[in-house]
Amino acid sequence: MNQPIEISDLVVVRGGREVLAGITLNVTAGVTGLLGPSGCGKSTLMRAVVGVQKVRSGTVKVLGLPAGDAALRDRVGYLTQAASVYDDLSVEENMHFFARVLDVSGGAVDETIEAVDLGSQRHQTVGRLSGGQRSRVSLAVALLANPDLLVLDEPTVGLDPVLRRDLWRLFHDLGARGTAVLVSSHVMDEADRCERLLLMREGRIIADGTPAEIRGDARDIEDAFLRLVDPQ
């Protein structure tokens, strides 16, 4: 059976600098967290997974197909750090537009708007929303087609604690239904919300396991990360 994500010896070079240094990993169903400091290569790795990143060498397969294959269009949901919706349309208008692009029913629009807690803003123009609200519109678009794989780049940045909690519940609900959810964050306190954790630094995966396995006898994930990068 194909894994949702299969990466082998992935190397990405940008501006003459090696951003990803031969990464090999598989991602299964459930919630996998990709944590590391800003600039370590998380977004580049996610771009490679969705097939929009030029790679130097290596392979990336998604749901058994090459990353970016046209057949994956409605099977992979992708949330970038920058909002990827139209500012001059309302929340609802954006959702109906992307529903037509993805050929999904109007009922999915209502479900996803409620899932990201934007029901009271559905008629507001996206350009008038806060940054966190605009990100949630993009998240709703990523959820529209009920994808088999959801790739989320810093989805909880700028959100209040209650909404962050609710979104993580949503991610786990999706994971429990068989969706593979890959979530990146530079905030170490989100580590314990993940079922599996990938710690990344300078273009390499330096730890892979459950939060408990990685934490070991350290105080928390941040302490475990520091021990990995500076054993002294």
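Reader: Why is Ser185 called buried?

Author: Buried means under 20% relative accessible area, exposed over 50%, and partly exposed in between, with a 1.4 Å probe and protein chains only. Ser185 has 3% relative accessibility, so it counts as buried. This is a predicted model, in which local features need pLDDT of at least 70 and side-chain atom pairs count only at pLDDT 80 or more, while totals for chains, interfaces and linings use all residues. Residues are numbered from 1 along each chain as its sequence is written, and side-chain values use heavy atoms, with hydrogens and water left out.

Reader: Where is Ser185 found?

Author: Ser185 is found in strand β8, which covers residues 180–185. Helices (H or I, at least four residues) and strands (E, at least two) are DSSP runs, numbered from the N terminus.

Reader: What makes the pairing of the Ser185 and Glu190 side chains a polar contact?

Author: A polar contact is a pair of N or O atoms within 3.5 Å; within protein, one must be able to donate a hydrogen and the other to accept it, and residues adjacent in sequence count only if both atoms are side-chain atoms. The two side chains make such a contact at 3.1 Å. A polar atom of the Ser185 side chain also lies 3.0 Å from the backbone nitrogen of Val187.

Reader: Which residues does Ser185 touch, not counting residues up to four places away in sequence?

Author: With contact defined as heavy atoms within 4.5 Å, Ser185 touches Leu34, Leu35, Gly36, Lys42, Glu154 and Glu190 on that count. As for Asp153, the C-alpha atoms of Ser185 and Asp153 are 7.2 Å apart in space, and the two residues are 32 apart in sequence.

Reader: What makes Gly36 a buried residue?

Author: The relative accessible area of Gly36 is 0%, and for that reason Gly36 is buried. Its place is in the loop between β3 (30–35) and α1 (42–50). Leaving aside neighbours within four places in sequence, Gly36 is in contact with Lys42, Ser185, His186, Met188 and Met200. Gly36 and Ile205 are 169 residues apart in sequence, with a C-alpha to C-alpha separation of 9.3 Å.

Reader: How do you know whether Gln133 is buried or exposed?

Author: Its relative accessible area is 18%, so Gln133 is buried. Gln133 has its place in helix α4. Not counting residues up to four places away in sequence, Gln133 touches Leu118 and Gln121.

Reader: Why does Asp103 count as exposed?

Author: Asp103 has 69% relative accessibility, and therefore counts as exposed. Asp103 sits in the loop between α2 (91–102) and α3 (106–115).

Reader: What is stated about phi of Asp103?

Author: Phi of Asp103 is near 60 degrees, a positive value in a residue other than glycine. For Asp117, phi is likewise near 60 degrees, and this too is a positive value in a residue other than glycine. Asp117 is found in the loop between α3 and α4 (131–143).

Reader: Why is Gly58 called partly exposed?

Author: At 37% relative accessibility, Gly58 counts as partly exposed. Gly58 belongs to strand β4, residues 57–62. Its contacts, leaving aside neighbours within four places in sequence, are Ser8, Asp9 and Leu10.

Reader: With which residues is Ala145 in contact, leaving aside its neighbours within four places in sequence?

Author: Ala145 is in contact with Asp74, Leu102 and Val104 on that basis. Ala145 is found in the loop between α4 and β7 (149–153).

Reader: How many helices and strands does the protein chain have, and why is the chain called as compact as a globular protein of its length?

Author: The protein chain has seven helices and ten strands. Its radius of gyration is 18 Å, close to the 17 Å that the globule rule gives for 232 residues, so the chain is as compact as a globular protein of that length. The radius is taken over C-alpha atoms, and the globule rule is 2.2 Å times the number of residues to the power 0.38.

Reader: What share of the 232 residues counts as buried?

Author: Of the 232 residues, 47% count as buried.
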